[in-house]
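Please read the report below with the sequence and the structure side by side.

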Amino acid sequence: MPNFAYTALTSTGTELSGNVQAADINAAAVDLRQRGLRVLQIKPGKSKSGFMGQENFSDWLASQRSVSPSALIFFFRQMAFMLRAGLPVMQALELGHKQVSNSRLKLTIRLMLKDIEAGQALSLAMSRHKDVFPGMAINLIVAGENTGDLDTIMERLALHLEKKSALKAQMINAMIYPVIVVLAAIGVAIFMVVKIIPKFATFLLAQGRALPPSTQMLIDISEYVRSNGLTIIGVVIAFIVLILLVFQTQRGRLMIDSLLLRVPVTGSMLTTGSMAQMTWALSILLRSGVTVFEALKVTANLLGNRVYSDKLKMASGMILGGRDMASSINHPQMPPLVLQMIAVGERTGSLDEVLQELGVYYEKLLELAIKRLSAMIEPAMILVIGAMVGFVYYAFFQALFSLVSGG
């Protein structure tokens, strides 16, 4: 990406010079204005980077890594502790740079320190690293800078990331066992079709007698699968690719997400998980001083399901038109309890507290739903595999009995 040298004025009138990377000179100017700088001069400049956009190879290597949620949680908790102890932001970041072990986060903190030394606010310095810090963190830091309550904001950010990680871990853990069992069932089916059934079929057909319908059907299925195996695999792969392509489009993803919410068991679990994340995030944002309009926009970007995400984006526009939150987020897929409790919170002036209670409620509800799903899937998968193997035994024993009785 091209590098541009600039001269600008900060909000306090201090002249500032430096370099910025952008797609073109107009994008560079927009980036500088978004940082709160008044651009005096900007021109193409020599890259300050020594290797692939970074100062050296080690920095480039660090920039290719990701930052785990646990690393961010540790960083925000350390920052909250140091700010609460009375340390200024610069000193807290310098100590935080020494404490974190993630190389990408260390590089990011070092770059933020340079920006802050140049007169930028912490939120502006963080906004240059949106691939590291989520949008919610940046918005909360802006609110903390306006209220002077950065230590509390950092603590809330750490708590939010912990809740989000816990919800994600619960969802993943709930799906590990079913996926393993399904893969095992597919493996058993393929093994029987490819290895077991053909051998029995060869023996039975050599007897020259008519086979029972169940046995003949099993042999026909095995023969069809072995003869058209590549075609079946190709169709499955093509179907998966088609679903992925449709999912990449805005309309397609909305349609798929809407269908997922209507699946009898998993749909309710997805709804519960979305409500837990939505209400908890809204509670933290509103409690930190973020407006309802901004809170809805930020939370919309946090939700993975496009049905709820799009609804919150539309609701933020309705808020500007004078609508209340409860009626703005009203949707057939939105649980009535959420709408009723939000309406109560708006009438009583305790919306942030009500949303926090809803977050706790849906978090516990999700834990219970995951336990129930795990308890249901285990016997269901055992029945499926048992029925599959049992049918094979039934078909061939029926054929053997037929041969014995016919002899």
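Glu223 is partly exposed, with a relative accessible area of 40%, where buried means under 20% relative accessible area, exposed over 50% and partly exposed in between, found with a 1.4 Å probe on protein chains only. Arg226 is likewise partly exposed, at 41%, and the side chains of Glu223 and Arg226 meet in a salt bridge with an N to O distance of 2.8 Å. A salt bridge here is a side-chain nitrogen of Lys or Arg within 4 Å of a carboxyl oxygen of Asp or Glu. Because Glu223 and Arg226 are three residues apart in helix H9 (residues 213-227), they are separated by about one helical turn. Helices (H or I, at least four residues) and strands (E, at least two) are DSSP runs, numbered from the N terminus.

This is a predicted model, in which local features need pLDDT of at least 70 and side-chain atom pairs count only at pLDDT 80 or more, while totals for chains, interfaces and linings use all residues. Residues are numbered from 1 along each chain as its sequence is written, and side-chain values use heavy atoms, with hydrogens and water left out.

## Other salt bridges

Over the whole structure, a search finds eleven salt bridges. One of them joins the side chains of Asp310 and Arg306 at 3.9 Å, N to O; these residues are four apart in helix H14 (residues 306-320), so about one helical turn separates them. Asp310 counts as buried at 17% relative accessibility, and Arg306 is buried with a relative accessible area of 17%. Salt bridges that share partners also join Arg77, Arg84, Glu155 and Glu162 into one network.

Another salt bridge brings together the side chains of Asp352 and Arg287, at 3.6 Å from N to O. Asp352 lies in helix H17 (residues 351-406) and Arg287 in helix H12, so the pair ties together parts that are 65 residues apart in sequence. Arg287 counts as partly exposed, at 31% relative accessibility.

## Aromatic rings

Rings of Phe, Tyr and Trp (its six-membered ring) pair if their centres lie within 6.5 Å; planes under 30 degrees apart count as stacked, over 60 as edge-to-face and the rest as tilted. By this rule the count comes to four aromatic pairs. The rings of Phe75 and Phe133 have centres 6.1 Å apart and planes at 45°, so this pair is tilted. Phe75 lies in helix H3 (residues 69-84), whereas Phe133 is in the loop between helix H6 (122-127) and helix H7 (135-147), so the pair ties together parts 58 residues apart in sequence.

Phe76 and Phe133 form a tilted aromatic pair, with 6.2 Å from centre to centre and 55° between the planes. Phe76 is buried, and so is Phe133. Ring pairs link Phe75, Phe76 and Phe133 into a cluster.

## A hairpin of two strands

Strand S1 (residues 3-9) and strand S2 pair in the antiparallel sense over seven bridges, where two strands count as paired if DSSP finds at least two bridges between them. S1 and S2 form a hairpin with five residues between them, and Gly13 in the turn has a positive phi of about 90°.

In a regular strand the side chains alternate between the two faces of the sheet. Strand S2 (residues 15-21) has a covered face made of Leu16, Gly18 and Val20, and an uncovered one made of Glu15, Ser17, Asn19 and Gln21.
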